[in-house]
Amino acid sequence: MSRCLALSLILALSSGCSDDDPCAGVSGKCVAVSSGASTTTIQKAMIDVTDGGTVAFAAGHYNVTGEISLDTNHVTVKGAGKDATVLSFANQTDGAQGLLVTADGVTLTDFAVEDTPGDAIKILGANGISLQRLRVEWTRGANETNGSYGLYPVQCKNVLIEDSTVIGASDSGVYVGQSDNIVVRGNTVNQNVAGIEIENSSHAEVHDNTATGNTGGILVFNLPGLEVETASGTAVHDNEVFENNEPNFAPAGNIVGLVPTGTGIAILAAHGVEIFHNHIHDHKTVNIGVISYVPTMIAITDPTYDEFPTALHIHDNTLAGTSDMPTGELGALLITAIAELHPAPYIVPDLVWDGVLDPARIGTGTDYAEADKICIHDNGDADFLNMHYPTGDAVLPTPDLAPHACMHPAMPTVVLP
């Protein structure tokens with residue numbers, strides 16, 4: 001090689017020629033989107049990409065004024081990094097969300113979505129979705145006018161959400177609803193009302209995430225009136241859940257608006273849930289709370305809804321910190337229950353269960369059969385309270401854990417195809 005040719009190659013590499021082409025190094029059909037491209041250009045790329053292809057965004061800031069949609073299967077949408085490629089929807093005037101995906105086998109990776117008026121990234125009815133190394137953020141911080149959901153797969157199957165960051169959602173940062181076979185791992189959620197929420201979904205594994213600075217860290221909910229009603233099989237393990245003390249800023253009427261400020265992990269009317277090996281500490285209301293739908297006082301019009309949590313297994317967690325500032329309607333119930341045992345100050349135990357049992361399940365007995373029991377054990381020196389809701393009846397709240405000295409089989413690891 002001549003010295004001149006070698007020098008030319010060095011200059012070409014140092015000038016970053018490969019960086020100017022976001023499709024460099026991508027195999028197969030690739031549609032490039034240059035820095036600063038218009039909304040029309042971005043949508044055209046989503047239309048032009050073929051099955052198995054890639055839409056590649058260059059590093060830069062994109063002012064997106066309308067909803068972007070993708071309905072082609074097996075497409076990868078990639079940027080140059082979650083802090084390098086930023087799709088800003090601050091000036092959006094059209095569409096219900098920022099990015100809507102209704103295709104199977106889609107991977108979204110290495111870009112950011114900011115300041116959507118509605119939901120940020122919604123995946124609807126898809127099979128095989130990977131959301132990796134993304135950032136969703138509402139840059140003004142906690143505000144009830146922020147979009148509801150950050151990463152939002154609903155009615156999906158085979159879902160992976162990993163190594164992503166969500167900040168500022170007025171409902172849930174990472175939300176997976178009415179879906180099956182789900183892995184949520186390695187994410188950081190901050191300053192959302194709910195950091196991570198698994199709702200009416202089956203076979204979900206939530207692990208190695210960091211939830212801090214939200215109203216509630218991790219929620220597992222089962223709600224009435226949805227297309228998918230009977231869901232079970234969620235494992236929440238090896239997460240760091242701490243200081244989720246952001247005042248609740250959910251818009252009025254949202255069910256998540258009932259989550260008290262300072263909630264670590266909350267289980268609402270869910271079935272088949274295992275909570276283990278988590279570090280949960282420094283929450284103003286409660287580290288782990290388990291409730292039926294009954295204390296919400298919301299009328300149920302769905303005759304098939306099962307409003308009682310069953311088959312829970314809470315074990316081998318590390319819980320710490322003092323919970324002495326419960327808030328909201330559910331916090332008031334806690335204060336009432338605790339006051340029946342001892343006067344103020346109101347120090348809330350680490351683990352609290354509302355104590356509501358399904359009359360149909362207990363029959364003439366006093367507890368569930370083994371398969372439906374709420375099992376709690378080996379959580380260090382964590383204390384416990386059965387509220388025996390409604391408070392003020394003949395049965396007082398009790399800290400007795402003996403009825404919960406049981407075990408359920410471990411939840412199987414979720415395997416994605």
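These legends walk through several close-up views of a predicted model.

**View 1. How confident is the predictor along the chain?** Across the protein chain the pLDDT averages 93, and 94% of the residues score at least 70. Residues 1-18 are another story: pLDDT stays under 50 there, and the model has four contacts beyond four places in sequence for this stretch.

**View 2. An open sheet of 10 strands.** Follow the strands in the order S3-S6-S9-S12-S15-S18-S21-S24-S27-S30, and you'll find that the pairing is parallel. Strand S3 (60-63) and strand S30 (318-320) sit at the edges with a single partner strand each, so one side of each has no neighbour in the sheet. From one strand to the next, the twist averages 10°. For a look inside the sheet, take strand S15 (residues 165-167) and strand S18 (residues 188-190), which run parallel and are joined by three bridges. Val166 has Val189 of S18 as its bridge partner.

**View 3. Asn214, tucked into a loop.** Asn214 belongs to the loop between strand S21 (210-212) and strand S22 (216-221). With a relative accessible area of 0%, Asn214 is buried. Its side chain has a polar atom 2.9 Å from the backbone nitrogen of Asn192, and a polar contact of 2.9 Å joins it to the side chain of Asn244. Leaving aside residues up to four places away in sequence, Asn214 also touches others, including Val189, Gly195 and Glu246.

**View 4. Arg185 meets Glu162.** Here the two side chains form a salt bridge, 2.8 Å from N to O. This pair links distant parts of the chain, with Arg185 in strand S17 (residues 180-185) and Glu162 in strand S14 (residues 157-162), 23 residues apart. Arg185 is partly exposed at 30% relative accessible area, whereas Glu162 counts as buried at 11%.

View 5. Asp306 lies in the loop between strand S28 (286-291) and strand S29 (310-315), while Arg361 is in helix H5 (residues 359-362), 55 residues apart. Asp372 is in the loop between H5 and strand S32 (374-377), 11 residues from Arg361. Both ends of this second pair are partly exposed: Arg361 has 29% relative accessibility, and Asp372 has 23%.

**View 6. A network of salt bridges.** Asp83, Glu114, Arg135 and Glu137 are linked in this network. A search of the whole structure turns up 10 salt bridges.

How values were computed:
Residues numbered from 1 in each chain as written. Predicted model: local features only at pLDDT ≥ 70, side-chain atom pairs only at ≥ 80, totals over all residues. Heavy atoms only, no water. Helix = DSSP H or I, 4+ residues; strand = E, 2+ residues; numbered from the N terminus. Buried < 20%, exposed > 50% of the residue type's maximum accessible area, 1.4 Å probe, protein only. Polar contact = N/O pair within 3.5 Å; in protein donor to acceptor, adjacent residues only side chain to side chain. Contact = heavy atoms within 4.5 Å. Pairing = 2+ DSSP bridges. Axes fitted to C-alpha atoms, helices over the stretch in contact; angles between N-to-C directions. pLDDT = per-residue confidence, 0-100. Salt bridge = Lys/Arg side-chain N within 4 Å of Asp/Glu carboxyl O.
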